Amino acid sequence: MVLMRVMLPAALCLLLVSAGAGCGPGRGYGKRRHPKKLTPLALKQFLPNVAEKTLGASGKCEGKISRSSDRFKNLTPNYNPDIIFKDEENTNADRLMTQRCKDKLNSLAISVMNQWPGVKLRVTEGWDEDGHHSEESLHYEGRAVDITTSDRDKSKYGMLSRLAVEAGFDWVYYESKAHIHCSVKAENSMAAKSGGCFPGSSAVILSDGRTKPLRDLQEGDQVLAADQRGHVVPTDFLMFMDRGRQTLQQFLVLETAAPRRRLRLTAAHLVFVTNRNGSDSSGFRAVFASNVKPGHWLHVVDDGPRRLVPARVTGVTVEPYEGSYAPVTSHGTIIVDRVLASCYAVVEDHDLAHWAFTPVRLWRSVLSLVGMVKVLGGVHQADGVHWYPGILHHVGSWLLDSSSFHPHS
């Protein structure tokens, strides 16, 4: 971590210099980065290192799909000529899968051909309608495939597992010497969005006490947040790190009691938890929203004075909402739906993320001094990820181990 904190400023300086010529793609400076070195998985290893049917992997099963069920129409056939389907039942069942599974499988097929010219990806098991797997197998939902290479060279299977991870499967298991098992989240699951956002309808509190939908935040707005001592303070809204006005996705809903609050945010977003009686900085700890469980305590705004009090989490659910917004403030924190949250996501280190956004705060201070915030502030960027956090994520992938990132990022 110390080495990373030393290297990141230098990398950011180089990136900011190159960004002065524009925010779009370009040749940049220095030598071309060498291809990422891939490490094969070991037999019986699985990634991420959690159970398959948990939120951090492919999620819980949603029930078997039969040809007569309404959900059967959600399965799509895969006729990719670069993939060999065993189809021993002669029903094309192995070709049927969810769209997410199809996308990841097609991506993996390209990687296999690039890794081993002349070799293709082979699917030995796809959707199962005959009851050949365990009761809650994701094969019954078209969300799992068992794979090998077309040449059935077992020495390749460790690397094939790694390629499946890189292709974006939500869970990869080097299950046996005969095949690799891969699965994905359901189409309506948390995998639809890997960054950190709130719904557009979430409410923020302005410095004058009025509330405002997050989607309506504008240049010059001041919202309530918390400082390092845990005191509620007004802070400047700087930009949207990510924004998708038409996005429809699933959000975690963290519910508390006494006082009752409902915070909606994506799994990779950071939120502050505390001990039972902690209401000052000693009780602050930023964790991924996906790691919050009933019994944890969040920091919420009391109904009376502007102060934070602990509230016990009583439930964690998933609900769909329209709009996806990731605001950034000067303090790096923000009170959303009357609950304190971090402005950052993806890496479970709030202080590091806030430090990495120092150039943004300095730039906005300079613009304020010369009266050019509204002209050059950049808060009205198009939908999508702002170029600066995009660069940070790219640099972080160089300097940080993959375990530092949220599994879905």
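Select Pro48, which sits in the loop between β1 (46–47) and β2 (76–77); strands here are DSSP runs of E of at least two residues, helices are runs of H or I of at least four, and both are numbered from the N terminus. The peptide bond leading from Leu47 into Pro48 is cis, with omega near -10 degrees. This is a predicted model, in which local features need pLDDT of at least 70, side-chain atom pairs count only at pLDDT 80 or more, and totals for chains, interfaces and linings use all residues. Residues are numbered from 1 along each chain as its sequence is written, and side-chain values use heavy atoms, leaving out hydrogens and water.

Next, select Ala258 and Pro259: the peptide bond between them is cis, with omega near -5 degrees, and Pro259 lies in the loop between β12 (232–257) and β13 (261–265). Ala258, found in the loop between β12 and β13, has a positive phi near 50 degrees although it is not glycine. Ala258 counts as exposed because its relative accessibility is 68% (exposed means over 50% relative accessible area, buried under 20%, partly exposed in between, with a 1.4 Å probe and protein chains only).

Move on to Asp337, in the loop between β18 (333–336) and β19 (339–345), where phi is again positive for a residue other than glycine, near 55 degrees. Is Asp337 buried or exposed? At 13% relative accessibility, Asp337 counts as buried.

Finally, show Lys104, Ser107, Leu108, Ser111, Val112 and Gln115 in α2, which meet Met159, Leu160, Leu163, Ala164 and Ala167 in α3, contact meaning heavy atoms within 4.5 Å.
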